Amino acid sequence: MDWQAIGLSLRLSFCTTLILVLLGLPLAWWLAQTRWRGRFLIEAVVALPIVLPPTVLGFYVLMAISPRSPLGMFYESWFGQRLPFSFQGLLLASVLYSLPFAVQPFISAFTTIDRRFLEASWCLGESRTRTFFRVAIPLAWPGVLSGIVLSFAHTMGEFGVVLMVGGNLEGVTRTVSISIYDHVQALDYHTAGQTSLMMLAFSFAVLAVTYSLQRRFVHAWPTR
Amino acid sequence: MNLIQRLLAGLAICALTGCDRNPRSSIGPDAAPVELRIAAAADLKFALDSLIDEFRYSHPGIQAGVTYGSSGNFFAQIQNEAPFDLYLSADIEYPRKLAAADLALEGDVFGYAIGRIVVWVPRTSAMEVKELGIRSLLDSSVKKIAIANPQHAPYGKAAVAAMRELGVYDAVQPKLVLGENIAQTAQFIESGAADIGIIALSLALAPEMEARGSHWEIPPESYPKMEQGGMILKSTPSPEAAKALRDFILAAHGRAVLKRYGFHPPEY
């Protein structure tokens with residue numbers, strides 16, 4: 001079994017999820033609260049990766065980060081490194097690709113919060129930030145958890161985008177799904193089967209734990 | 001039942017019973033056209049497209065459709081009874097293995113070409129690849145070098161063998177990035193994501209690529225001969241049509257077209 005690829009996938013999923021929580025929670029909160037009329041446009045952009053084939057996303061990402069593109073040039077002059085075929089490049093692609101899987105559950109969780117709780121907190125003199133962390137997040141917790149788990153699991157299972165932008169570098173961009181694909185291509189069905197079985201067990205375990213936790217949380221904090 | 005449901009039901013029945021399929025038994029202008037499905041290695045894309053156009057013209061009774069992809073993928077699919085009639089692999093070992101498993105018609109495997117590899121740089125690069133030859137891989141401006149995955153792609157294996165033989169492999173090894181197949185490798189370089197790479201001559205000579213870069217052919221003696229081979233599948237419902245296409249590819253004109261697109265003849 002390709003432990004290096006498994007480790008890399010876990011690291012990529014962890015970093016992607018972390019970034020998505022940091023970016024996604026404020027974005028989802030804003031989308032859930034705003035009365036701006038153009039809101040649907042942002043929602044459509046966020047949801048695009050669900051509809052777009054990974055090949056489209058991968059194709060555009062590779063063009064966008066190539067050293068000839070403005071973004072690629074900027075990154076290279078700033079960091080002295082290049083984005084294509086690097087962990088950072090893959091991370092950028094993963095964040096884009098998993099964005100809706102984090103943000104959409106966050107939004108639906110925030111919109112189900114009874115607004116009176118928030119207003120009560122503001123009236124009691126709590127700041128908007130404190131209200132967000134001490135009232136909104138605990139109330140929206142089951143949805144936030146699903147967003148975290150979904151984006152983690154989705155990144156673990158990502159294949160098309162990685163194939164398009166990764167360049168298959170051992171320990172840098174060769175994730176589990178790519179490693180399985182390589183083993184199949186090299187007719188090493190035994191190793192491919194082992195790693196696949198491990199992925200199946202892992203995915204099932206993650207989802208089972210999440211659903212059981214979610215049930216408990218929903219009972220602990222009824223949103224209505 | 002509303003209209004859409006009826007349409008869907010109709011489609012489902014068509015799909016299940018195969019009502020769009022023509023009988024595939026006879027050839028000739030009066031008979032319904034025979035359908036021929038070809039699984040071909042990605043490096044054949046341009047050469048075979050051109051050959052098939054001519055074949056269609058001279059054999060109006062045969063409708064030939066090509067799927068391009070990785071030879072290893074097709075190998076696995078054919079083992080699992082994929083509905084192809086003809087398999088043109090970039091590595092003759094795959095059809096040989098299938099023939100050994102009794103999946104080839106009359107146990108027949110044929111070589112049709114020898115693949116060639118080149119170092120390719122995009123036009124935007126300042127490098128004189130034709131003068132520098134293999135040493136262009138060592139240029140200080142090169143950060144990433146794209147090759148096909150040597151674990152399973154024939155062109156990747158050849159690229160690694162050639163770099164070892166020419167004594168640059170150890171120096172360039174940390175800069176290598178791997179394309180899934182030779183066409184993706186070309187895309188990596190063409191897009192600028194990699195600076196230089198080793199691809200098939202057949203792709204470097206393709207109209208889409210020729211104007212966008214320049215290449216240097218790697219001496220054929222520096223890597224093992226890349227014998228490309230094919231076979232007709234035992235399961236084909238139209239062996240006559242498949243043989244007609246195979247003979248067309250192997251005849252003098254077919255060879256000339258393959259040569260124009262950067263392949264050596266099989267006995268080279």
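Predicted model: local features only at pLDDT ≥ 70, side-chain atom pairs only at ≥ 80, totals over all residues.
Which residue in strand 8 of chain B is the bridge partner of B:A146?

1. The partner is B:G197. Strand 6 (residues 145–148) and strand 8 (residues 196–200) of chain B run in the parallel sense where they pair, over 2 bridges.

2. Those strands belong to an open sheet of 5 strands in chain B, with the order 7-6-8-5-9 and mixed pairing. Strand 7 (176–179) and strand 9 (213–217) of chain B are at the edges with a single partner strand each, so one side of each has no neighbour in the sheet. From one strand to the next, the twist averages 35 degrees.

3. Now look at what packs on the sheet. Helix 6 (residues 154–165) of chain B touches strand 5, strand 6, strand 7 and strand 8 of chain B, and its direction makes about 125 degrees with that of strand 6. Helix 8 (residues 182–190) of chain B also packs there, with its direction at about 150 degrees to that of strand 8 of chain B.

4. Over in chain A, helix 5 (residues 87–111) and helix 8 (residues 141–156) pack at an angle of about 165 degrees, their axes 8 Å apart. That makes the two helices of chain A roughly antiparallel. Their crossing is right-handed, and the contact residues divide into 8 nonpolar, 9 polar and no charged.

5. Finally, the two chains meet through 17 residues from chain A and 16 residues from chain B. Helix 10 of chain A gives the largest share of its chain's side, 3 residues. That side of chain A divides into 10 nonpolar, 4 polar and 3 charged residues.

Key: Residues numbered from 1 in each chain as written. Chains lettered and ligands numbered in written order. Axes fitted to C-alpha atoms, helices over the stretch in contact; angles between N-to-C directions. Helix = DSSP H or I, 4+ residues; strand = E, 2+ residues; numbered from the N terminus. Parallel < 35°, antiparallel > 145°, perpendicular 65-115°, else oblique. Left-handed = near helix turned anticlockwise from the far one by under 90°. Nonpolar A, V, L, I, M, F, W, Y, C, P; charged D, E, K, R; others polar. Contact = placed C-beta atoms within 7 Å. Pairing = 2+ DSSP bridges.
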